[in-house]
Amino acid sequence: MSTTFRGMDVVSIRDFSREQIEHVLKLAEKMVPIAKGEERSVLLEGHVLGSLFYEPSTRTRLSFDAAMTRLGGRVLGFDQPTGASVAKGETLADTIKMVDSYCDIIVLRHPQEGAARLAAHFANRPVINAGDGAGQHPTQTMLDLFTIRKEKKSIEGNHVVIVGDLKYGRTVHSLSEALAMFGAQLTFVAPPTLQIPKEHLKAIEEMGHKPKISGSLEEVIKDADVLYVTRIQKERFPDPAEYQKVAGTFRIDLAMLKDVKKDLIIMHPLPRVGEIAPEVDATEHARYFEQAFNGVPVRMALLGLVLGGLK
Amino acid sequence: MKEFKVTPIRNGTVIDHINVGMALKVLKIIGVGGNVNSTVSVLMHVPSKKAGWKDIVKIEDRELDPKELDKIALISPNATINIIRDYNVAEKFVVEVPNIIKGIMKCANPGCITNQNEPVETEFVVESKKPITLRCVYCDRVTTEVADNVR
Ligand SMILES: Nc1ncnc2c1ncn2[C@@H]1O[C@H](COP(=O)(O)OP(=O)(O)OP(=O)(O)O)[C@@H](O)[C@H]1O
Ligand SMILES: [Mg+2]
Ligand SMILES: [Zn+2]
């Protein structure tokens, strides 16, 4: 296993087999005490991570920083392209070739789809995709899987209801494909204009699953083991009134949780903008802050594996 | 000899069974513009014995290179290439859609990094040949809109 991870690019979750993902999740479990600061590690001492964020991202960037630092490594880079040579019109390819010579591993967030694959093409060092536009965000998928596995002991057999913008939110597509691969049962809840695209449904069905499609959260929430909430973006609606109506229908509050399973967990990639009422935070269902924390041990495991410190 | 609607050519290439309406695209692909020194004839919308209608392009004194053949396959997967030598069909083959397509078309996804000014060739994996379905290696976008994106 170790030989397959060392030096590997992490661009798309599809590049990983189920066994490989399971291996990452298992190692991530071991990283938790270090991620919490309860134990110290020098696993990646002397290693440098180049962190290139062409787009703002609080959670992803900070959790990569935390992961690298907790393992004794160092981080250099930028968190907005202004001031960087990018602003002067340098190609991504050139920036990557330069940064490649300054560090041992590159973490890239970029607004253009396919940017991470391109970076991997030009870099000799491994590249980790920290989100490329509407494209892939494999470490988010891994931390989502980690959270479900941690809370539910296994992913298989759980009924996962995914609600929100299922059409444009491509990270939802990789997550749902991964969940199907792990044997979860899926239900997609969205307004008709934002439902899961046919190709993705087909991809999941080809794995031998029959996901449910619904327009009503009330109808399906009672049977859910996991409720995965995503943002519905205002920009998707030409009419603001229509947006308000739709956003209101899918808002999670205490009333919505009246008849749910006692051990239902609610997840959200954050930041939320009103999809989950703050009153839900104090319930036994809320797991989105744990989920955000889980980004650290999962990214630690990946950094350790790719840089060869972990087997 | 057959009956020809245009003057027969001694040596050259006949691209037959082009999807109807695609002849001009074929001309663009093979670079037939103002400065050609040989005869090029185009037959558009002619009845096809196989099915419906087709276009035909005949170029004198020229054979096609592999890149051109790949492009023609993308816009017209049933096109037949006839190499004419001394007025006769010396070779005949159907174009073939390759498994990997490099550099000859652009990605249909405007948000794709390959549509920026990056020094990289586009690359697509052919997921299905009938109908032609391509997946961009960079942005992962799957598309069947091929003809408009061939360069
Ligand atoms: N010397 C020539 N000059 C111009 N066109 C030619 C010449 N010889 C053949 N062709 C054209 O090339 C094509 C293929 O010729 P062929 O004699 O193989 O016809 P075919 O048996 O109908 O072929 P297919 O089965 O591919 O339709 C036809 O469109 C024909 O008109
Ligand atoms: Mg014929
Ligand atoms: Zn693309």
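**Entry 1: P131(B) and the other cis bond**

I started with P131(B), which sits in the loop between β7 (123-129) and β8 (132-136) of chain B. For element names I used DSSP runs numbered from the N terminus: helices are H or I with at least four residues, strands are E with at least two. The peptide bond from K130(B) to P131(B) is cis, and its omega is near -5°. I found another cis bond in chain A, joining L270(A) and P271(A), with omega about 0°. P271(A) lies in the loop between β9 (265-267) and α11 (288-306) of chain A.

I noted the ground rules here. This is a predicted model, so local features need pLDDT of at least 70 and side-chain atom pairs count only at pLDDT 80 or more, while totals for chains, interfaces and linings use all residues. Residues are numbered from 1 along each chain as its sequence is written, chains are lettered from A and ligands numbered from 1 in the order in which they are written, and side-chain values use heavy atoms, with hydrogens and water left out.

**Entry 2: Positive phi**

I reminded myself that most residues other than glycine have a negative phi, and most peptide bonds are trans. K153(A) is not a glycine, yet its phi is positive, about 70°. I placed K153(A) in the loop between α6 (138-152) and β5 (159-163) of chain A. H17(B), also not a glycine, has a positive phi of about 55°. H17(B) is in strand β1 of chain B.

Are these residues buried or exposed? I took buried as under 20% relative accessible area, exposed as over 50%, and partly exposed as in between (1.4 Å probe, protein chains only). K153(A) has a relative accessible area of 69%, so I logged K153(A) as exposed. H17(B) has 16%, so I logged H17(B) as buried.

**Entry 3: The zinc site**

Which protein atoms hold the zinc ion (ligand 3)? I found SG of C107(B), C112(B), C136(B) and C139(B), lying 2.3 to 2.4 Å from the ion. Donors are N, O and S atoms within 2.8 Å of the metal (3.2 Å for Na, K and Ca); water is not among the atoms, so sites may look incomplete. Along the chain the donors of the zinc ion (ligand 3) follow the spacing C-x4-C-x23-C-x2-C.

The 4 donor atoms make angles of 100 to 116°, and the site is tetrahedral. C107(B) is buried, at a relative accessible area of 3%. C112(B) is buried too, at 0%.

**Entry 4: Where chain A meets chain B**

I counted 16 residues from chain A and 15 residues from chain B in the contact. Contact means heavy atoms within 4.5 Å. The area buried between chain A and chain B is about 1,200 Å², and carbon and sulfur atoms give 53% of it. Buried area is the accessible area (1.4 Å probe) that two parts lose on being put together, summed over both. On the chain A side, Q112(A), E113(A) and L118(A) lose the most area to chain B, together 39% of what that side buries.

Polar contacts came next. I took one as a pair of N or O atoms within 3.5 Å; within protein, one must be able to donate a hydrogen and the other to accept it, and residues adjacent in sequence count only if both atoms are side-chain atoms. Between chain A and chain B there are 7 residue pairs in polar contact, both residues at pLDDT 80 or more. On the chain A side, α4 (92-100) and α5 (115-122) each give two or more residues. α5(A) gives the most, with 5 residues.

**Entry 5: Salt bridges**

How many salt bridges cross the interface of chain A and chain B? The rule finds 1. The rule asks for a side-chain nitrogen of Lys or Arg within 4 Å of a carboxyl oxygen of Asp or Glu. The pair is R14(A) with D140(B), whose closest N and O atoms are 3.9 Å apart.

R61(A) is in helix α3 (residues 58-70) of chain A, and D79(A) is in the loop between β2 (74-78) and α4, 18 residues apart. D281(A) pairs with R272(A), with 2.7 Å between the closest N and O atoms. D281(A) is partly exposed at 27%, and R272(A) is partly exposed at 22%.

In chain B, R10(B) bridges to D86(B) at 3.5 Å between the closest N and O atoms. This pair links distant parts of the chain, 76 residues apart: R10(B) is in the segment before β1 (12-19), D86(B) in the loop between β4 (80-85) and β5 (88-94). Both ends are partly exposed, R10(B) at 44% and D86(B) at 48%. Last, I noted one network of salt bridges that share partners, joining R14(A), E177(A), E127(B), R135(B) and D140(B).

Definitions and conventions
Tetrahedral: all angles 85-135°; square planar, octahedral: opposite > 155°, others 65-115°.
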